[in-house]
Amino acid sequence: MTTPVNTSSGASASVNLSSIVATAEQLIDGWELVVGLEVHVELATKTKLFSASANRFGDEPNTHIDPVTLGLPGALPVLNRHAVELAMRLGLALNCRVQPCTFHRKNYFYPDLPKAYQISQYDQPLNIDGWLMLPGDVRIGVERAHLEEDTGKSTHAGGAEGRIQGSDYSLIDFNRAGVPLVEIVSRPDIRTSDQAKQYVSELRGILLAVGASDAKMEEGSMRCDVNVSVHKPGTPFGTRCEIKNVNSIRSVGRAIDYEARRQIDLINSGGVVKQQTLHWDDVAGRTNVLRTKEDADDYRYFLEPDLVPLAPDAAWIERVRAALPPLPAARRAALATLTGAGKESESVAVIVERGQDEYISAVAKVGGDAARALIYVQQAFAEEPATPRVPAGDIAALSLMEKNAKLTSTQAKTLLAELVTNGGGDVLAMAKAKGFEAMATGALESIVDQAIAADPQAWAKYKAGEQKAIGALVGAVMKLSAGKADGKAVTALLQAKASS
Amino acid sequence: MSPTQGTGRADRAHSAGRTVVDIAAAVANGSLSAVAVLEENLAAIAARESEVHAFNLVTADRARERATQIDADVQAGKKVGRLAGVTIALKDNMCTRGVETTCSSKILAGWKPPYDATVVRRLADEGAVFVGKTNLDEFAMGSSTENSAFGPTRNPLDTSRVPGGSSGGSAAAVAAGFATASLGSDTGGSIRQPAALCGLVGVKPTYGMVSRQGLVAFGSSLDQIGPFTTTVADAALMMEVIAGHDPLDSTSLPQPAPMLTGELSKGVQGMRIGRITDMPEGSSPDVLAQLEAAFDALRAAGATVVDVQMPSMLYGLTAYYLVAPAEASSNLARFDGVRYGLRVDAKDLNSMYGATRAAGFGDEVKRRIMLGTYALSAGYYDAYYGKALKVRRLIADDFAQAYTKCDAILTPTSPTVAFKFGDKTSNPLAMYLCDVFTIPTNLAGHAAMSVPFGTGEAGLPVGVQILAPALGEAPMFRVAAELERAQ
Amino acid sequence: MPEPISRETVQKVARLARLDLNDAEVERMTQQLAGMLEHFRDVDALDLSNVEPLTQPIPLSNVLRDDVVAPSLDRDEVLGSAPAAQDGRFRVPPIVGFEE
Ligand SMILES: [Mg+2]
Ligand SMILES: [Zn+2]
């Protein structure tokens, strides 16, 4: 739910001058973009925030309900320790201060809100004043990361395409009601849509790393609201609009670009940006007005009398901090150092995102070549888990053979594919079986390449599936190598090249 | 025992003539059958319930089944609980699995909770037999039980008068001999005031001592469940069963139930009893006379009476009538026609909400929802709700100061004996003044109880209120037992 | 202390509370709320500037529960006592004038 306090991201009529200034290239026709993000993530607990009902996605509707979830008369909330711990983990990973905090009731009527109030945190959230570093050392402030409960889910029936407008009735499933959420509110420090995308992606990486959430945007366990305003550099912030329903990282970028352009065009044509809540229509690629802020609800926040304050002591906080795993930025830096790749290179980012960086360390530890391992893993292990099935030793062996010119890169690739298919294997024996080790493979490969270059028609035919065209090529290689090449190895090499 | 002196009313009031302690002992040792106890209550119900209207629902069949089972268990030599065969009436704002729980409101009429309140489970585990669900002011908002959607309850001692409220049905059920004991809830005096008006012992425990889980909330930071009984010893035993930590209520105190039955014989020798010198005015002379007699009795038993000041007591009422409605406005928002209870159909959702709540809630409930919503809304919070919470602090500070000088404080429970129907219904403020002595202790979260002490106008019982600090139940019960002995 | 309560304020509060009031009720409510709030002016005599609000009578903190699943309520029983249900869900009239 929308952050209650005035300190929320993206100032409206405030006189704030931004301390973070966009570079000239970042300006849009001379306008500076100011973006703040409110990200809701569902915590990976077994039960709900305030009751023992299961926190599970995708089951039959209304099968994870109990008196608390349904807001039955007389039901009382009791806080989930694990949810608090996960929220603390996230807060500490975001460099927040973990502080004594309280819960408030946010009162409003909606059919998927069972008690007609959401239990959330208001002026005393659990985590405050943190930051998140984007690649390129851009530091985005995190104002707060607070605990609150999720709502149920409404399905709109009748009318057009399940939309709320014009529907005949709605159906409510309370399985999601009461699921623990953390709402992470950034400071309005983001200046480009790319930074916004990086922020979400980085936050997602941190959530996964600390095990706080599965952070699946497509399933709604991570949801973004984006606050956008534009102004001329050196002048106060413009009026912001809040965009809801931004459900992928790509949409975050598109929505911001669209909205920035809309606001700039509006101002340039003499209009005034009104503080509004907008809805992102991903299909149409545009924002639509949901409501203007003047008729916003009066939420009548007050301290939740059914709960008591939460005050994690220093020992608890330190225990959680000490148990934090290495975070993506540190892991990228370590992987870059280990492999010699750039710390902002795509391969490093991809491997850390997949969580396969530790695997590469393991390869290096048993003597493998880390730089080659990075490439192998990036290319062949996209479908593999964080700990791939192929033993690290096999990849180490493969990388050494390639490094020592016992295999061509093409041969290595062939063996790599086989390793993945079989979940590992004796690389030396595999190479032998393919005849890859019969001749100094580096030399053989260069001869094969010469033969191909000399007879492109035969090569094209062979590649197109004409098996007998291989004869001319093998013959040419034999001739060029003065008969030293192993026919089997040549055939295998040609096969490998044709299928790569 | 007979709480009043020489009136025919009192004898009739306790026609069953048995106490919780007696019944539990006799049923457990086989000398009395649980069925016989129950049938005595059911006979009293048959004779007088149409006149008194203590119940929203009498669960005779379930009760007979239960009593029969308990007798069978005793016969079979099985261990039975500490309340074996004790008949108990439950205020109809406590959830009972599969049994209608209405809060005397149209908006919940017919609703059967899918779970039991913690207190209900604890009583059942000790062998209690539930007789039925008792009438109350709708959602416990009132002091006369005239605000029930199902009609008022009458005071069994004089049916032209109110039984007090909001737990009027629970008080009347015990006073009329329909049950041996009952449970009420007390947000601003809703157990103690009807106990006083019906000549019973009524306890408002320290906030957090008895689980609120399954009690339909009115003012969450004020509500406590407590017993109505005819004797102090019965109240002590009931407390031992229902009190104690409950992991399902975050505000439940961590300690186990206090052992109170052992306190009763200790007397008050050496105890310091506070008399509030700046007490709100307006109590009737008969009530004040009995209060003096109570001080005398305690003095005679060896206690010292000391003067204490409660300068902010007067403001208690004011603070209460913002804090309780504010919490109530939020607590009662869940009655929206979506998941349970009444729905008035309408063309769209908002119309359904508005029509359902308009049709489902009575006037007093609407008034308090409006007041509470207003007090919390943007622009008014600091002026009303915020200030009320500060007054609440002043009251707690006054008590803290007072308890440096005394162990317990005596006040009237109610400014008057039971009043006639309609006397205060036209003026909400006059009705609210009924609770002027009881409210401050709810704001502070302390222990309090009312014990019958003599009679006043028209031979009706007078209740004396004993106030004690948080967790002061043990000294409070010592004083209560002494006042009972002095009768 | 804010202005005395007006009919318009009462109507706005009634909307917030989702409570349909007819004209007579609005009139009566305006008077009764005004009476209650007038009574609250007593409190103006108190100096509350340095007083901490008291929200919960007995101070407790860190009341926490282990993350262990308990069985769900029976859906049919729960939906059976709902005003309207369909396809295993609670059914409500069309939602008009809300955001999605
Ligand atoms: Mg928000
Ligand atoms: Zn939120």
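Q: This is a predicted model, so let's start with one pair: which residue of chain A forms a salt bridge with C:Asp66?
A: The closest N and O atoms of this pair are 2.3 Å apart. The rule asks for a side-chain nitrogen of Lys or Arg within 4 Å of a carboxyl oxygen of Asp or Glu, so the pair counts. The partner of C:Asp66 is A:Arg81.

Q: How many salt bridges does the rule find across the interface of chain A and chain C?
A: The pair of C:Asp66 and A:Arg81 is one of them. Across the whole interface of chain A and chain C, the salt bridge count is two.

Q: Which element gives the largest share of the side of chain A that touches chain C?
A: Polar contacts between chain A and chain C come to 23 residue pairs, both residues at pLDDT 80 or more. On the chain A side, the elements giving two or more residues are β2 (79–80), α1 (81–93), β8 (153–157), β9 (169–173) and β14 (286–292). The largest share, five residues, comes from β9(A).

Q: How much area do chain A and chain C bury between them?
A: The contact takes 59 residues from chain A and 33 residues from chain C. Carbon and sulfur atoms carry 56% of the buried area. The total for chain A and chain C is about 4,100 Å².

Q: Over to the other interface of chain C: what percentage of the area buried between chain C and chain B do carbon and sulfur atoms give?
A: Here 56 residues from chain C meet 62 residues from chain B. Together chain C and chain B bury about 5,300 Å². Of that area, the part from carbon and sulfur atoms is 71%.

Q: Which three residues supply more than any other three of the area that chain C buries against chain B?
A: The area buried between chain C and chain B is about 5,300 Å². Of what chain C buries there, one trio supplies 12%. Those residues are C:Met36, C:Phe40 and C:Leu54.

Q: Which residue of chain B forms a salt bridge with C:Arg28?
A: Four salt bridges are counted between chain C and chain B. In the one made by C:Arg28, the closest N and O atoms are 3.2 Å apart. With a limit of 4 Å, that distance qualifies, so the pair counts. The partner of C:Arg28 is B:Asp363.

Q: How do the residues of the side of chain C that touches chain B divide by class?
A: The rule finds 17 residue pairs in polar contact across the interface of chain C and chain B, both residues at pLDDT 80 or more. α2(C) brings 10 residues, the largest share of the chain C side. By class, the residues on that side are 38 nonpolar, eight polar and 10 charged.

Q: How far apart in sequence are the parts that A:Glu42 and A:Arg223 tie together?
A: A:Glu42 and A:Arg223 form a salt bridge, with the closest N and O atoms 3.4 Å apart. A:Glu42 sits in strand β1 (residues 32–42) of chain A and A:Arg223 in strand β11 (residues 222–231) of chain A, so the separation of the parts they tie together is 181 residues.

Q: At roughly what angle do the axes of α6(A) and α8(A) cross?
A: A:Val350 and A:Ile351 are among the α6(A) residues in the contact, which meets A:Leu374, A:Val377 and A:Gln378 in α8(A). The crossing is left-handed. The axes come within 10 Å, and the crossing angle is roughly 65°.

Q: What is omega for the cis peptide bond of B:Gly165 and B:Ser166?
A: B:Ser166 lies in the loop between β3 (129–134) and α6 (168–175) of chain B. A cis peptide bond joins B:Gly165 to B:Ser166, with omega about 10°.

Q: Near what value is phi of C:Arg18?
A: C:Arg18 lies in the loop between α1 and α2 of chain C. Its phi is positive, in a residue other than glycine, and is near 50°.

Definitions and conventions
Residues are numbered from 1 along each chain as its sequence is written. Chains are lettered from A and ligands numbered from 1 in the order in which they are written. This is a predicted model: local features need pLDDT of at least 70, side-chain atom pairs count only at pLDDT 80 or more; totals for chains, interfaces and linings use all residues. Side-chain values use heavy atoms; hydrogens and water are left out. Contact means heavy atoms within 4.5 Å. Buried area is the accessible area (1.4 Å probe) that two parts lose on being put together, summed over both. A polar contact is a pair of N or O atoms within 3.5 Å; within protein, one must be able to donate a hydrogen and the other to accept it, and residues adjacent in sequence count only if both atoms are side-chain atoms. Helices (H or I, at least four residues) and strands (E, at least two) are DSSP runs, numbered from the N terminus. Ala, Val, Leu, Ile, Met, Phe, Trp, Tyr, Cys and Pro count as nonpolar, Asp, Glu, Lys and Arg as charged, and the others, Gly among them, as polar. Axes are lines fitted to C-alpha atoms, for helices over the stretch in contact, and angles run from 0 to 180 degrees between N-to-C directions. A crossing is left-handed if the near helix is turned anticlockwise from the far one by less than a right angle, and right-handed if clockwise.
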